[in-house]
Amino acid sequence: PLIKDLFGLTDLEVRLARRLGLKKVVIVPGDADQSDWVKKEMGRSGARLLRQMARPDQVVAVTGGTTVAALAEMMTPTPSLKSTMFVPARGGLGEAVELESNYIASLMAKKTGGDYRLMHVPDQLSDEAREMLLREPHIQEVMELLRKARIVVHGIGEATKMAIRRKSSPDEVAHIQHSGAVGEAFGYYLNSSGEIVSRVRTVGLQLEDLGEIESIIAIAGGRSKAQAIAAVCPAVGNDVLITDEAAARAILEET
Ligand code: F6P
């Protein structure tokens, strides 16, 4: 806490929380765009927060990406987390395996001694395939767990960067760019007013389901994500944001 005050970060946390309508903001010093160490520190803060919030027998839903993965890496066994069930918030979004929510849910379980379920769903489903999959018992089991989720942890990305990382077709990338999308979370692409302009069709938690969840934690930093964070957090209705100093200052100054 002392170090934070020296950097003026406590004041920044209060201002950013007010600006984005969040209950709590945690800011680590630095810029994740410049150094991977900063992402690890966000992960450490996130893991600490989850440890503090944990209740026995809870369900925690997670999305993918490198920042949620950094949080997973920092998790340690504690009694409440040992009885936690980790589940992927959404089916395949086109990420590399180690960035998939499935893998990250399993990593969290491994680190904490908790349990996990996977959702084996291919990326980019047709409507018929999605309807069929939703009738599968193993998908229904995960959907049931998602309905009981107490905490959701999710990443936030820049819209175009995410469309490219997911190997979307050139047409889809162009569509996302022209739609004015700036941020992405849960497979939803949002413009700077927080309106959904595009989405990945898959099973799992939909944006409108998030209202039922007790705590929604976003973890995202780096100056380049300022616009994305400013668009996504109010739209998702986040309670907590874990970010870095560079993103925080850019959001307050530029958005
Ligand atoms: O694809 C999963 C996801 O959480 C996206 O919703 C988000 O935009 C992205 O990953 C964040 O990834 P990273 O933390 O690597 O920037």
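1. The ligand has 16 residues around it, and Thr66, Thr67, Glu95, Glu184 and Lys225 come nearest. This is a predicted model: local features need pLDDT of at least 70, side-chain atom pairs count only at pLDDT 80 or more, and totals for chains, interfaces and linings use all residues. Residues are numbered from 1 along each chain as its sequence is written, and side-chain values use heavy atoms, with hydrogens and water left out.

2. Polar contacts (pairs of N or O atoms within 3.5 Å) come next. Threonine 67 places a side-chain N or O atom 2.4 Å from a ligand oxygen. For threonine 66, a polar side-chain atom is 2.5 Å from an oxygen of the ligand. For arginine 165 the distance to a ligand oxygen is 2.9 Å. The protein covers 97% of the 400 Å² of accessible area that the ligand has on its own (Shrake-Rupley method, 1.4 Å probe).

3. The shell around the ligand holds 4 nonpolar, 7 polar (Gly among them as a class member) and 5 charged (Asp, Glu, Lys, Arg) residues. Helix 4 (66-73), helix 9 (159-165) and strand 7 (181-185) each supply at least two shell residues (DSSP runs; helices H or I of at least four residues, strands E of at least two).

4. Salt bridges (a Lys or Arg side-chain nitrogen within 4 Å of an Asp or Glu carboxyl oxygen) number 13. One joins aspartate 239 and lysine 23, at 3.3 Å from N to O. Aspartate 239 lies in the loop between helix 11 (226-236) and strand 11 (240-244), and lysine 23 in the loop between helix 2 (9-20) and strand 1 (24-28), so the pair ties together parts 216 residues apart in sequence.

Definitions and conventions
A residue is near a molecule or strand if one of its heavy atoms lies within 4 Å of it. A polar contact is a pair of N or O atoms within 3.5 Å; within protein, one must be able to donate a hydrogen and the other to accept it, and residues adjacent in sequence count only if both atoms are side-chain atoms.
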